[in-house]
Protein chains: 4
Amino acid sequence: METGPHEHRLRVRYAETDQMGVVHHATYLVYFEESRTSLMRDRGCSYAELERRGWALPVRRVQIRYRAPAYYEEELVVRTRVGRVGNASITFESEVARPADGVSIASGWVELACVRKDALRPVPLPPELLERLSGDQEAADGPSESS
Amino acid sequence: METGPHEHRLRVRYAETDQMGVVHHATYLVYFEESRTSLMRDRGCSYAELERRGWALPVRRVQIRYRAPAYYEEELVVRTRVGRVGNASITFESEVARPADGVSIASGWVELACVRKDALRPVPLPPELLERLSGDQEAADGPSESS
Amino acid sequence: METGPHEHRLRVRYAETDQMGVVHHATYLVYFEESRTSLMRDRGCSYAELERRGWALPVRRVQIRYRAPAYYEEELVVRTRVGRVGNASITFESEVARPADGVSIASGWVELACVRKDALRPVPLPPELLERLSGDQEAADGPSESS
Amino acid sequence: METGPHEHRLRVRYAETDQMGVVHHATYLVYFEESRTSLMRDRGCSYAELERRGWALPVRRVQIRYRAPAYYEEELVVRTRVGRVGNASITFESEVARPADGVSIASGWVELACVRKDALRPVPLPPELLERLSGDQEAADGPSESS
C-alpha cells in the first residue's frame with residue numbers, strides 16, 4: 001500500500017519573522033514538530049498520550065536545508081513522512097512548501113530517540129507505535145537527507 | 001448591527017509549553033496577535049497589506065489575566081473583538097478558551113499605536129481601516145479589561 | 001533599609017526581532033522573567049530550587065507599557081523589584097532601559113500565584129521566600145503600574 | 001597562528017524549556033546564532049553593522065547533534081569557530097557545553113549564504129569580512145559535522 005506524506009497546513013505568525021523580513025530559521029524546527037505530532041495523532045498514536053504513558057521522544061539529530069524565504073501571513077504546507085525506524089529511534093522527514101506557487105521553502109529530517117521518562121535512557125519503541133508508524137517507512141538504513 | 005467576536009482556533013504546540021507542563025505565559029501574546037490579524041484579514045484589511053502600504057501598528061500597552069492552564073495538543077479558541085478606537089490607536093480585546101470544556105484560560109487587551117513606518121510617530125488610523133474595524137467598537141472611552 | 005532595584009543586563013538576540021525591525025513585544029515577558037529569577041537567585045531563593053522542592057509560581061496577571069523600540073544587538077538593562085507581597089501571591093515590577101542613552105524602553109508588572117506543583121491551588125508563600133524577598137516591598141496594597 | 005574557538009556564556013531561560021523539563025531543541029539554533037554574532041562582534045565585524053550596510057547572511061543549512069539535556073538556570077558555554085569559507089557562503093561550527101561538569105550538550109554547524117538585502121541573491125562575502133573571519137578557517141572543503 002502506497003501512501004503519500006502527511007500534510008499539515010499552517011499560517012506564518014508575525015512573531016515568527018525576524019528583522020530580515022522572513023521566517024526565522026529556528027522556526028522551521030517548530031513547524032516540523034507540529035507536523036510530525038499531527039501525523040502521529042492522525043495515525044492514532046498521539047504524542048501527548050505517549051508522554052502520559054511514560055514515554056518520551058527527545059530529538060537526537062536534525063538537519064535542515066533552506067531553499068527560499070517564507071513571509072508573514074503566508075499559508076504553508078508541511079509534508080512529513082516516517083523515514084528510518086531503528087530499534088530505539090525513529091526519523092521523520094519533512095518538507096515545507098508554499099501551496100500558492102508550489103515553491104519548496106525548506107526540507108530536512110529529525111531523528112528522535114525513544115526513552116522512558118523516568119530513566120532518559122534509549123529503549124525500544126513501543127510495539128504499538130512501531131506498527132502504526134512503520135507503514136511508510138523507507139528501506140534506507142540511515143537518515144537520508146530529503147533535500 | 002450586532003456581531004459576535006471573531007473566533008480563531010489553534011492547537012497548542014509542544015514548543016509553547018514550559019517545564020511547568022503548561023503553555024508559557026508569553027505565548028498568549030502570540031495567540032492574541034494571531035487572532036487579531038486573523039480578524040483583520042477577515043474584515044478585508046490584512047495587516048501584511050497594511051505594512052506593505054507603509055503603515056505599522058506597534059504594540060503600546062498589554063494586559064493579560066491568566067485563569068487556568070492550557071496544555072500541549074489542546075485545541076483552543078481565541079475570541080477577539082475591537083475595543084476602543086482612538087485617533088491614533090486601537091485596542092483589541094481577546095479571550096482564550098478551551099472549547100472541550102468551555103473553560104476560560106486567559107483574557108486581556110492589546111493597545112496598538114498607528115504609525116507610518118518611515119517615521120515611527122503616531123498618526124491617525126487610515127480611514128479605510130477605521131471603517132472596517134469600528135463595527136463592533138464599544139462605547140467605552142478607555143481600554144476596559146475584558147476579564 | 002533602602003535598596004535599589006535588582007539590575008540584569010542582556011543583549012538583544014536576532015531571533016527576538018520581528019519584521020518591524022524591533023524586539024517583538026512578547027519578548028519583554030521573557031526579559032522580565034529572566035530578570036526576576038536573577039533577582040531571586042541573588043537573594044538566595046533560586047526559582048529552580050523552589051520548583052525542585054515542590055513549589056511553583058505561575059503567572060496570574062501581567063501588564064506592560066511599551067515606550068520606545070529596542071533593536072538587535074543593543075545592550076539592555078532590566079531593573080526589577082518586589083512590589084506587593086500578598087498571602088498567596090507576589091508581584092514583581094520591572095523596567096527595561098537602554099544604558100547607552102538612558103531611554104526607558106518598557107515597564108510593567110507581573111503577578112505570580114504561589115502553588116504546590118501537585119495541586120495547582122494557591123497556597124501561602126513559603127516563609128523563607130517571604131523573608132528574603134519582602135525587603136524592598138512597597139506599602140501599596142495592589143499592583144501599581146510602574147509606568 | 002592558532003586560536004581557540006570563541007566562547008560565549010549564557011544562562012538557560014525558563015521560557016526556553018519545554019514540558020519534557022529540558023531546553024527545547026529549537027533553542028539551540030538561537031544559542032548558535034547568539035554565539036556566532038558574538039564572535040563576529042569580537043572580530044570587529046558586527047552583524048548589525050553588516051546589515052546596516054546592505055548585506056545579509058541568511059541561513060542555508062544547519063545540522064545539530066544533541067548529546068545530553070540542558071536544564072533551566074544552568075550556565076552554558078557555546079564555543080564557535082569559523083569552518084569552511086566559500087565564495088558566497090560561510091560555515092560556523094558550534095558546540096554547547098556545561099562548564100559545571102564539562103558535559104557536551106550539543107554540537108553542529110550553520111552554513112550562511114551571503115546576499116545583498118535588496119536582491120537576496122548570493123554574492124561574494126565582503127573582503128573585510130573574509131579577512132577578519134578567515135583566521136581560524138579549516139582546510140576542509142565542505143561542512144564537516146563537528147560531532
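This tour moves through a predicted model, one selection at a time.

**Stop 1: chains A and D together**

Chain A is superposed on chain D by a rotation of 180° with 0.0 Å of shift along the axis, and the RMSD is 0.0 Å. The two copies are thus related as by a two-fold rotation axis. To locate this axis, select A:Gln63, the residue of chain A that comes closest to the rotation axis, its C-alpha lying at 2.2 Å. Of the interface residues of chain A, 100% are also interface residues in chain D, so the copies meet through the same surface.

**Stop 2**

Which order do the ten strands of the open sheet follow? The order is E1(A)-E4(A)-E5(A)-E6(A)-E3(A)-E3(D)-E6(D)-E5(D)-E4(D)-E1(D), and the pairing is antiparallel. At the edges stand strand E1 (6-11) of chain A and strand E1 (6-11) of chain D; each has a single partner strand, so one side of each is left without a neighbour in the sheet. On average, neighbouring strands of this sheet are turned by 20° against each other, direction ignored.

Next, select residues 89-98 and 103-113 of chain A. These are strands E5 and E6, which run antiparallel and are joined by ten bridges. For one point of reference, select A:Glu93, whose bridge partner in E6(A) is A:Trp109.

**Stop 3: a salt bridge within chain A**

Over all chains, a search of the whole structure finds 48 salt bridges. Side chains of opposite charge can pair when their charged atoms come close. Select A:Glu7 and A:Arg79, whose side chains meet in a salt bridge at 2.8 Å, N to O. The pair links distant parts of the chain: A:Glu7 belongs to strand E1 of chain A and A:Arg79 to strand E4 (residues 75-85) of chain A, 72 residues apart. A:Glu7 is partly exposed, with a relative accessible area of 41%, and A:Arg79 is partly exposed as well, at 27%.

**Stop 4: helix H1 of chain D**

Select residues 27-42 of chain D. At 1.5 Å a residue, the 16 residues of this helix, H1, should span 22 Å; the end C-alpha atoms are 23 Å apart, which agrees. Is helix H1(D) largely enclosed or largely open? Of its 16 residues, 14 are buried, so H1(D) is largely enclosed by the rest of the structure. Beyond the helix, select D:Gly44, which follows H1(D) and has a positive phi, near 85°.

**Stop 5**

D:Glu34 lies in helix H1 of chain D, while C:Arg13 lies in the loop between strand E1 (6-11) and helix H1 (27-42) of chain C, so the pair joins two chains. D:Glu34 is buried, with a relative accessible area of 15%, and C:Arg13 is buried at 8%.

Now select C:Arg41 and D:Glu73, which form a salt bridge whose closest N and O atoms are 2.9 Å apart. This pair also joins two chains, because C:Arg41 lies in helix H1 of chain C and D:Glu73 in the loop between strand E3 (59-66) and strand E4 (75-85) of chain D. C:Arg41 counts as partly exposed at 25% relative accessibility, whereas D:Glu73 is buried at 10%.

**Stop 6: a network in chains A and B**

Finally, select A:Arg13, B:Glu16 and B:Glu34, which salt bridges with shared partners join into one network.

Note on methods:
Residues numbered from 1 in each chain as written. Chains lettered and ligands numbered in written order. Predicted model: local features only at pLDDT ≥ 70, side-chain atom pairs only at ≥ 80, totals over all residues. Heavy atoms only, no water. Helix = DSSP H or I, 4+ residues; strand = E, 2+ residues; numbered from the N terminus. Expected span 1.5 Å × (residues − 1). Buried < 20%, exposed > 50% of the residue type's maximum accessible area, 1.4 Å probe, protein only. Least-squares fit on C-alpha atoms with pLDDT ≥ 70 in both. Contact = heavy atoms within 4.5 Å. Pairing = 2+ DSSP bridges. Axes fitted to C-alpha atoms, helices over the stretch in contact; angles between N-to-C directions. Salt bridge = Lys/Arg side-chain N within 4 Å of Asp/Glu carboxyl O.
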